[in-house]
Amino acid sequence: MRVACAQWPIAAPADFAGHAARLQREVGAVAAQGAALAVFPEYLALELAGSFADECRRDFAASLAALQPLYADWQALFAGLARDSGVHVLAGTFLLRQANGRYRNRAELFAPDGRRWFQDKLTLTGFEHASGVIERGDRLQVFDTALGRLAVNVCYDCEFPLYARRQYEAGARLLLVPSCTDTPAGATRVRVGCAARALENQIHVVQSVTAGDAAWSPALDTNTGIAAVFAPSDRGLPDDGIVAQAQPGTLWSYADVDADALARVRRDGQVANAADWDAQLRPDVAAAAVVR
């Protein structure tokens with residue numbers, strides 16, 4: 001199965017139609033390359049704030065409020081992209097207002113047959129806490145799709161191993177990580193998290209990133225990271241665990257991922273990280289002894 005992960009240059013569209021036209025071109029290009037799945041980055045919907053008045057788009061809370069009337073059109077756009085292209089599309093994230101007035105950072109997957117699923121971000125970054133308007137999600141999910149069971153860790157969530165582990169235990173064999181980081185250190189943390197989740201669960205992990213600069217946005221002002229697909233380092237797989245990664249200045253990275261190859265590794269690999277997970281939970285090592 002071919003997957004495509006975006007290294008998405010942030011733009012300032014003139015309006016929703018301009019944003020939609022760009023996405024239509026890119027999903028069409030992905031479909032032409034034979035991809036079955038396209039992954040867009042975290043905070044993708046915030047690119048729409050580029051069309052707002054300057055006073056609004058420079059105010060994070062105001063821009064989130066102004067985005068909400070566009071949510072139905074946003075969903076319709078991605079549902080149509082998936083239907084028309086035949087590609088499953090992870091639509092990055094949309095910060096969606098809840099009944100209590102706060103926002104959840106929601107990643108939605110759209111299938112060509114009209115089905116859709118979502119995963120909210122479960123652990124907030126310092127920026128998200130400091131905003132005072134975002135709350136964490138409260139459900140960990142696995143999507144039962146025509147491509148197999150998929151799961152999402154939104155950016156920072158991939159740095160916490162138990163989320164992905166519980167999703168693996170529920171049958172997920174492909175983990176999608178839409179991300180947005182504004183420093184090289186942040187990009188490294190997410191990249192290491194992706195590689196670690198691939199290693200310990202012996203699965204593929206697909207990371208999408210934002211790219212470029214958008215001085216008008218408090219959230220998208222500076223963007224770092226490299227879009228990539230990760231696998232465990234084992235027989236028949238890359239020694240460095242990197243199946244594919246985007247080059248500087250390119251928008252898409254493609255990889256052909258083989259679920260059967262990973263099943264063979266879990267069964268007959270040099271190591272058995274996924275099966276050996278519980279060894280670290282045995283009672284005799286439940287606590288560390290201090291030796292003097």
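A: Let's start with a term: a residue is buried when its relative accessible area is under 20%, exposed when that is over 50%, and partly exposed in between, using a 1.4 Å probe and protein chains only. By that rule His-19 is buried, with a relative accessible area of 1%.

Before going on, a word on what you're looking at. This is a predicted model, where local features need pLDDT of at least 70, side-chain atom pairs count only at pLDDT 80 or more, and totals for chains, interfaces and linings use all residues. Residues are numbered from 1 along each chain as its sequence is written, and side-chain values use heavy atoms, with hydrogens and water left out.

Back to our spot. His-19 sits in helix H1; helices (H or I, at least four residues) and strands (E, at least two) are DSSP runs, numbered from the N terminus. Its side chain makes a polar contact of 3.0 Å with the side chain of Glu-47. Such a contact is a pair of N or O atoms within 3.5 Å; within protein, one must be able to donate a hydrogen and the other to accept it, and residues adjacent in sequence count only if both atoms are side-chain atoms. Skip the neighbours within four places in sequence, and His-19 is in contact (heavy atoms within 4.5 Å) with Pro-13, Leu-44, Glu-47, Leu-48 and Trp-74.

Trp-74 leads us to the largest nonpolar core, where Trp-74, Phe-40, Leu-46 and Phe-78 touch the most other members out of 48 residues. A nonpolar core is a set of buried Ala, Val, Leu, Ile, Met, Phe, Trp, Tyr and Cys residues joined through side-chain atoms within 4.5 Å. Helix H1 (16–32) is among the elements giving two or more residues to this core, as are strand E1 (2–9) and helix H4 (71–85). H4 gives the most, with 7 residues. In soluble globular proteins, nonpolar side chains tend to be buried together.

Now look at Phe-78. Leaving aside neighbours within four places in sequence, Phe-78 is in contact with Leu-23, Phe-40, Leu-44, Val-89, Ala-91 and Phe-110.
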